Amino acid sequence: MTPRPLLTPRLAEFGETIFAEMSALALRTESINLGQGFPDTDGPAEVSDVAIAAISGGYNQYPPLIGVPELRHAIVEHQRRFWGLDFNPDREVLVTAGATEAIAAAMLAFCDPGDEVVTFEPYYDSYAASIAMSGATRRVVTLRPGDDGLYHFEIDELRAAITPATRLLLLNSPHNPTGKVFRRDELQQIADLCLEHDLIAVTDEVYEHLVFDGGEHIPLASFPGMADRTVQISSGGKTFSFTGWKVGWVCARPELVTAIRTAKQFLTFVNAGPFQPAIAVGLRLGDDFFEGLSAELQAKRDRLACGLRDVGFDVYSPEGTYFVTADVRSFDTDDGRAFCLALPERAGVVAVPSVVFYDNKHEGSHLIRFAFPKQDSLLDAAVERLQRLKA
Ligand SMILES: Cc1ncc(COP(=O)(O)O)c(C=O)c1O
């Protein structure tokens, strides 16, 4: 008799993440790690000072399940100030252990085996795992780069992905890993389909402030009819460069928040007590902070994208987020995974093969992802090392 596998078949496809594998390779080869998307400098001191004071001041026990009041109020103010959306801080906001927990809790709260979740590929890797843990099945719609260098989807493919079993649509904009910022007309099409098929929309907006070139982030919840069916998720990690604090949140109508809270209370119950008042201060920072952040990241995008082009890559320059996608086919291969595995030895740089973010592997096998929220000197050093590829 073959012994029963330890890991449930639901999770069998999720082995070690590519990030762990590539980070170990980076350490072993002393490479510059542009694989994982986190900043290598701290966020604003006026934010971290609040966390330090909170720890020293005895702010160290379980916070309330739904989050500390000052953070919930700050989230509501931020939603109104930037997106013109109104939420009740006591009934329509839930603080979570990062956006990751919010996404997982939403899947566990809304989905059953037999349900389907529609999302776009390439996708942030926790989506597939969260959908699988809920017992639901994912159906993906591919984002493909067009001649304009931007990523697009076919509305007919989205329509075809929606079946009577579809429970919800999981949308990420600004989008990791492509850097796509969904346009108003595209969002209207998505909203129309959610309304037509009575779908819940779960929107991951962790890069809401990282939009470049004067572009516009538009929450799906702001479209007519969508506020009642949208679960809007964000977190403080990317906006304030404190990814390790894992302060996330959900904003939605009370019945949606209540369902998610039911799952969330048995995942972590609560987290990040002393960091919650700090993120509240961050959300209330002046416009100069938020504008400065996107300007700074835009300059880093340009620095890395320009360097990669100079080395010989075809580059898809993102409209937002932390990531640049490059095509390896100009290096006589269409195997991005093999390219990334060899890159540390060849050039002392780590990137991530985008294929891991696709179900339809052929769509992304030739693409690789570099993260640019790094000090300019590190980006320059990485580009310099990559010059070895020209030899
Ligand atoms: C699209 C997307 N969603 C969610 C997360 C995770 O957010 P958090 O750290 O708040 O859990 C990330 C982090 O890389 C991400 O890229």
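Pro177 is placed in the loop that connects β7 (166–172) with α7 (184–196), and the peptide bond joining Asn176 to Pro177 is cis, with omega at about 10°. The model is predicted: local features need pLDDT of at least 70, side-chain atom pairs count only at pLDDT 80 or more, and totals for chains, interfaces and linings use all residues. Residues are numbered from 1 along each chain as its sequence is written.

**Overall fold**
- The chain has 14 helices and 15 strands; these are DSSP runs numbered from the N terminus, with helices (H or I) of at least four residues and strands (E) of at least two.
- For 391 residues, a compact globule would have a radius of gyration near 21 Å, and the value of 21 Å for the chain agrees. The radius is taken over C-alpha atoms, and the globule rule is 2.2 Å times the number of residues to the power 0.38.
- Of the 391 residues, 49% count as buried. A residue is buried if 20 or more other C-beta atoms lie within 10 Å of its own, exposed if 12 or fewer, and partly exposed in between, with C-beta atoms placed from the backbone.

**An open sheet**
- Four strands form an open antiparallel sheet in the order β11-β12-β15-β14; two strands pair if DSSP finds at least two bridges between them.
- β11 (314–316) and β14 (352–353) stand at the edges with a single partner strand each, so one side of each has no neighbour in the sheet.
- Three bridges link β11 to β12 (residues 323–327) in the antiparallel sense, and Val315 stands opposite Ala326 in β12.

**Ligand surroundings**
- The ligand is surrounded by 14 residues, the closest being Gly98, Ala99, Thr100, Asn176 and Ser235; a residue is near if its C-beta atom, placed from the backbone, lies within 6 Å.
- Helix α4 (residues 98–110) supplies the largest share of this shell, three residues.

**Backbone features**
- Asp213 is not a glycine, yet has a positive phi of about 55°. Asp213 lies in the loop between β8 (200–204) and β9 (230–235), and counts as exposed because it has 12 C-beta neighbours inside 10 Å.
- Ser241, also not a glycine, has a positive phi of about 55°. Ser241 lies in the loop between α8 (236–240) and β10 (247–251), and is buried, with 21 other C-beta atoms within 10 Å.
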